[in-house]
Amino acid sequence: MNAERIGFIGLGNMGHPMAKNLEKAGFPLSVYNRSPEKTEDFKTKSIVCSSVSDLVKNSDIIFTMLTNDDAVQAVYEEIVTLPLTGKLFIDMSTISPQASGKTADAVKIKEASFIDAPVAGSTKPAAEGTLIIMVGGAEKDLERSMPYLQKLGKTVKHPGENGKGIAAKLSVNYFLAGIYQGLAETVLFADKLGIKRTEMLEIINESASGSGATKVKTPLLTTDNYEPAFALDLMLKDILLANEAGADFPLSKTLIETYQSAHDAGFGKDDVIGIINYLKKNK
């Protein structure tokens, strides 16, 4: 199994540390990124490819970690023009169920395999290899991918066939969007009542209302520094995808309105918990 050649397309904030973990594990790795400067620190131990087609030809298992539907479509439109028999594609992007399904079908027509494997976790878990990976696909393809997925995440869940990984990821991020807006509003409320932010967050994190989500955002809220681990714009994308997929609830309307307004007001590149700055400005 370890003799299989691995390819990784998309070396952004998440893809770069994930590919690094595969490289550190000693797998034969090829990488490609549209912006070549992000491949610089792979040149010593891995193969840097100058095109998608070169990477696919040089790989047995190909990971893709891309921004959105359009990016995935553009890459796979090129991929499916190539001989693909026997290859396995693992798309870890968070995209719409429709785009993922079309991609899976196009790959399978070429006698290759496909799993959707989006992740829960941001840049720190990506670097530490402690992501939670949600896989949609056939059992045999999951088994083939496990030696590599285990280097990327602490947990691999298999909710079902193609599309179920995406479904699970959109559900998780829908929940997180509500947690982050609720956390931001609670902190602003406590600020207004004269409670020190550090003390309020200690109370939250040590009570039943605390969670991994609140704890990971506490340093950003206490330092008022919203360098993105997971950008607000990416959460907006995922809320809209969830809404299109059927999350049409009272809360979803509120989340879409708030995150869209924050984007429109120029907060989209901040970390998702930077929603607090939009709420503070518009309370």
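How are helices H7 and H10 oriented to each other?

**View 1. Crossing of helices H7 and H10 in the predicted model.** The axes of H7 and H10 (residues 232–244) come within 9 Å and cross at roughly 120°; an angle in this range is neither roughly perpendicular nor roughly antiparallel, and H7 and H10 are therefore oblique to each other. The crossing in which H7 passes H10 is left-handed.

**View 2. Residues that meet between H7 and H10.** From H7, the residues Leu170, Asn173, Tyr174, Leu176, Ala177 and Tyr180 take part, and they meet Met235, Asp238, Ile239, Leu241 and Ala242 of H10. Sorted by class, this contact has nine nonpolar residues, one polar residue and one charged residue.

**View 3. The largest nonpolar core and the surroundings of Phe89.** This core has 57 residues, and those with the most contacts inside it are Ile9, Ile79, Phe89 and Tyr259; its largest share, ten residues, comes from helix H7 (residues 164–192). A second, separate core of 28 residues includes Met14, Phe63, Ala126 and Ile133. Apart from its neighbours within four places in sequence, Phe89 is in contact with Val56, Ile62, Tyr76, Ile79, Leu84, Val107, Ala112, Ser113, Phe114 and Ile115.

**View 4. Gly121 in the loop between strand S7 and helix H5.** Gly121 lies in the loop that runs between S7 (119–120) and H5 (123–128), and with a relative accessibility of 38% Gly121 counts as partly exposed. Not counting residues up to four places away in sequence, Gly121 touches Met14 and Leu131, whereas Ser100, 21 residues apart from Gly121 in sequence, is 20 Å apart from it in space, C-alpha to C-alpha.

Technical notes
Residues are numbered from 1 along each chain as its sequence is written. This is a predicted model: local features need pLDDT of at least 70, side-chain atom pairs count only at pLDDT 80 or more; totals for chains, interfaces and linings use all residues. Side-chain values use heavy atoms; hydrogens and water are left out. A nonpolar core is a set of buried Ala, Val, Leu, Ile, Met, Phe, Trp, Tyr and Cys residues joined through side-chain atoms within 4.5 Å. Buried means under 20% relative accessible area, exposed over 50%, partly exposed in between (1.4 Å probe, protein chains only). Helices (H or I, at least four residues) and strands (E, at least two) are DSSP runs, numbered from the N terminus. Contact means heavy atoms within 4.5 Å. Axes are lines fitted to C-alpha atoms, for helices over the stretch in contact, and angles run from 0 to 180 degrees between N-to-C directions. Angles under 35 degrees count as roughly parallel, over 145 as roughly antiparallel, 65 to 115 as roughly perpendicular and the rest as oblique. A crossing is left-handed if the near helix is turned anticlockwise from the far one by less than a right angle, and right-handed if clockwise. Ala, Val, Leu, Ile, Met, Phe, Trp, Tyr, Cys and Pro count as nonpolar, Asp, Glu, Lys and Arg as charged, and the others, Gly among them, as polar.
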